[in-house]
Amino acid sequence: MVNYRYANFFNDWQQKASDAGIGVGGAKFKLGKGIGKMKATGIVRKVDELGRVVLPVELRKTFDIKKEDPLEIYVDGDSIVLKKYEPACIFCGNAKNVKRIHDKIVCEDCIETMKSM
């Protein structure tokens with residue numbers, strides 16, 4: 001049975017999050033100045049005896065977070081922020097088109113730059 005009231009709330013939250021600059025589809029939370037724009041979801045979870053918190057399935061689907069996906073943990077003032085981990089180039093910070101070379105993450109642009117040196 002579908003809880004339409006909850007589904008409508010979640011769709012409304014999703015739109016508000018998108019309007020506020022929170023990357024709903026790409027699993028990116030706004031950090032820094034944007035953190036004040038985050039909207040409450042109305043979802044409350046307790047921390048278990050091992051310090052774990054379960055992320056609701058709706059949020060995991062929205063942010064494309066799957067089992068075993070790594071999450072980065074940031075602290076911003078008195079807030080804890082979770083962000084889906086995206087490995088980035090050690091030289092330029094680019095997270096697109098990256099490759100692992102000798103246990104280091106390097107993007108294709110930096111690889112081409114090094115080849116031309």
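This is a predicted model: local features need pLDDT of at least 70, side-chain atom pairs count only at pLDDT 80 or more; totals for chains, interfaces and linings use all residues.
Strand 3 covers residues 98–101 and strand 4 covers residues 104–107. The two strands pair in the antiparallel sense, over 4 bridges. Within this pairing, Arg100 stands opposite Ile105 of strand 4, and Ile101 has Lys104 as its bridge partner.

Most residues other than glycine have a negative phi.

## The loop between helix 2 and strand 1

Helix 2 spans 57–62 and strand 1 spans 71–76, and Asp64 is found in the loop between them. Glu68 is found in the loop between helix 2 and strand 1 as well. Neither residue is a glycine, yet Asp64 has a positive phi of about 55° and Glu68 has a positive phi of about 75°.

Are these residues buried or exposed? Asp64 is partly exposed, since its relative accessible area is 35%. Glu68, with a relative accessible area of 73%, is exposed.

Lys84 belongs to strand 2, which comprises residues 79–84. With a relative accessible area of 18%, Lys84 falls under the 20% limit and is therefore counted as buried. The side chain of Lys84 reaches the backbone oxygen of Asp64 at 2.4 Å.

Lys84 also forms a salt bridge with Asp69, in which the closest N and O atoms are 3.4 Å apart. Because Lys84 lies in strand 2 and Asp69 in the loop between helix 2 and strand 1, the pair ties together parts that are 15 residues apart in sequence. Asp69 is partly exposed, at 25% relative accessibility. Lys84 and Asp69 are linked with Asp64 and Lys66 in a network of salt bridges.

## Other salt bridges

How many salt bridges does the structure hold? The structure holds 6 salt bridges. Side chains of opposite charge can pair when their charged atoms come close.

One of these pairs joins the side chains of Asp48 and Arg52, with a distance of 2.8 Å from N to O. Asp48 is partly exposed at 25% relative accessibility, and Arg52 is partly exposed with a relative accessible area of 48%. Another salt bridge is formed by Lys83 and Glu86, whose closest N and O atoms are 3.7 Å apart. Lys83 counts as buried at 14% relative accessibility, whereas Glu86 counts as partly exposed at 32%.

A disulfide is a covalent bond between the sulfur atoms of two cysteines. In this analysis, two cysteine sulfur atoms must lie within 2.5 Å to be counted as a disulfide. By this rule, the count comes to 0 disulfides.

Cys89 counts as buried, at 4% relative accessibility. Cys107 is likewise in no disulfide, and its nearest cysteine sulfur, that of Cys92, is 3.6 Å away. At 1% relative accessibility, Cys107 counts as buried.

Notes. Residues are numbered from 1 along each chain as its sequence is written. Side-chain values use heavy atoms; hydrogens and water are left out. Two strands pair if DSSP finds at least two bridges between them. Buried means under 20% relative accessible area, exposed over 50%, partly exposed in between (1.4 Å probe, protein chains only). A polar contact is a pair of N or O atoms within 3.5 Å; within protein, one must be able to donate a hydrogen and the other to accept it, and residues adjacent in sequence count only if both atoms are side-chain atoms. A salt bridge is a side-chain nitrogen of Lys or Arg within 4 Å of a carboxyl oxygen of Asp or Glu.
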